[in-house]
Amino acid sequence: MSISQRIEKLPVKRFHYILLISAGLGWMFDSMDTGIISFVLPVLMKTWGLTPEQVGNIGSVGLLGMALGAILSGSVADRIGRKKVFAFTLVVYSLATGLCGLAWSYASLLFFRFLVGFGLGGQLPVAVTLVSEFTPAKHRGKFLVLLESFWAIGWLLASVISYLIIPNYGWHIAFFIGAIPALYVFYLWKYIPESPRFLEEQGRIQEAEAVYRLVAGEAGPDVKAGRTAEEAKREHRQPQKGTAKTKVLKRVTVAELFSRKFLRRTVFLWLLWFGIVYSYYGIFTWLPSILALKGFSLTKSFSYVIIMTLAQIPGYFSAAFLVDRIGRKPTLAAFVLGTAISAYFFGLGNSVMMILVFGSLMSFFNLGAWGILYTYTPELYPTRARGTGAGWAAGFGRIGGILAPMVVGRMLGAEMPTETVFLMFAGVLILVVFNVLILGEETKGRPMDEL
């Protein structure tokens, strides 16, 4: 059997949990940055006298960076490897977040937010590709949804940091705290190995075997991932007697994503990403500001968002429980429909209880859907196309994220009621449900490269 086939048949090992936590921390830092800007925006509206349209532009320019980052990083990851791109993008967005704390004007903040978005957008599809390629088919859905669940922890951290720091020390300090994850790259580089599927596709069989032995627990407890790979590289440079040459498959092109073989999956994923990203960034980037516009103080708005954020955690866990039991397609459709219904009633909310209940349900269903989205995407392309396919799907989806904050800003600037804003989001999400039911295909329990 090939190394990819052997990975599919492995039981869950200690390594898988270490990888999940390691990649999950990077995911958590991504989320923390996204959350911090959401809490900073209502403060900047008052401090800098920004219009709703300008606030929407700040949210959208980060999504523009995310779109470009996702497209480029996915393609590069299919050429130089997942690990290098993961580490590089982590450093980019962390340092750029710190620079946001030094912003002296609206224009400078726009530039720094673009850089943050570039790093964030580049890391997410590469991280999920890396984890998916290590995880056996039977447990892949659960692991990828659990990876996405770290997003809720990051948002919770952002909520707490903003609640404690911004009112007392100012918004600059919140951004400086967001730069700390850059230090995490040293751990990441030492302990997370390159994907053995990628190495096998590149014809670097000895390195792939070394990583497989590490995952399977056959390399011994004292062998570190980095050292194993280096030893394998040295072996790979020396001719191996009796070793046949391995054919390296050609890399996929963007045009091939629209070939007859991949067309349905590409269209499905691009529409799916667009709808979910549009609704998420349109709703959650504006959430603290919308609560402030409803008449709540900033402190109250932040505390309410913390409560809603807590609801994301059971949303992820329930999705993780269902995705490998009833499948990707029905679970995703149910969670997106739940988001649509919750968003509609949240927009109608005129009391604290109604806002908290439907805001929490909205968080529960929306973030559970995100977990399934990140499970689904890498399963629909083979190894040679996985980074490119996932990156372009995420990149196209970020166009929805670019548009949504600007659309909400203009709707609010035109003095449209919040009921109309959330009715619009509910309509978009209903269209996403139809996309899943019509174009989606079930991937539960199927080996990745068999698809």
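User: Ala, Val, Leu, Ile, Met, Phe, Trp, Tyr, Cys and Pro count as nonpolar, Asp, Glu, Lys and Arg as charged, and the others, Gly among them, as polar. How do the residues of the lining of the largest cavity divide?

Analyst: This is a predicted model: local features need pLDDT of at least 70, side-chain atom pairs count only at pLDDT 80 or more, and totals for chains, interfaces and linings use all residues. Residues are numbered from 1 along each chain as its sequence is written, and side-chain values use heavy atoms, without hydrogens and water. A cavity is a set of points on a 1 Å grid over the protein atoms alone where a 1.4 Å probe fits but cannot get out, and lining residues have an atom within 4 Å of a point. Of the 15 lining residues, the division is 7 nonpolar, 6 polar and 2 charged.

User: How much space lies in the second largest cavity?

Analyst: A volume is the space filled by probe spheres set on the grid points. The lining includes Trp27, Glu148 and Arg398, and the space is about 50 Å³.

User: Which residues of α15 are buried?

Analyst: Helices are DSSP runs (H or I, at least four residues), numbered from the N terminus, and α15 covers residues 312–323. Buried means under 20% relative accessible area with a 1.4 Å probe, protein chains only. By that criterion the residues are Gln312, Gly315, Tyr316, Ser318, Ala319, Ala320 and Val323.

Key
Helix = DSSP H or I, 4+ residues; strand = E, 2+ residues; numbered from the N terminus. Expected span 1.5 Å × (residues − 1). Buried < 20%, exposed > 50% of the residue type's maximum accessible area, 1.4 Å probe, protein only. 1 Å grid on protein atoms, 1.4 Å probe; cavity = no way out; pocket = protein on both sides within 12 Å on 5 of 7 lines; lining within 4 Å.
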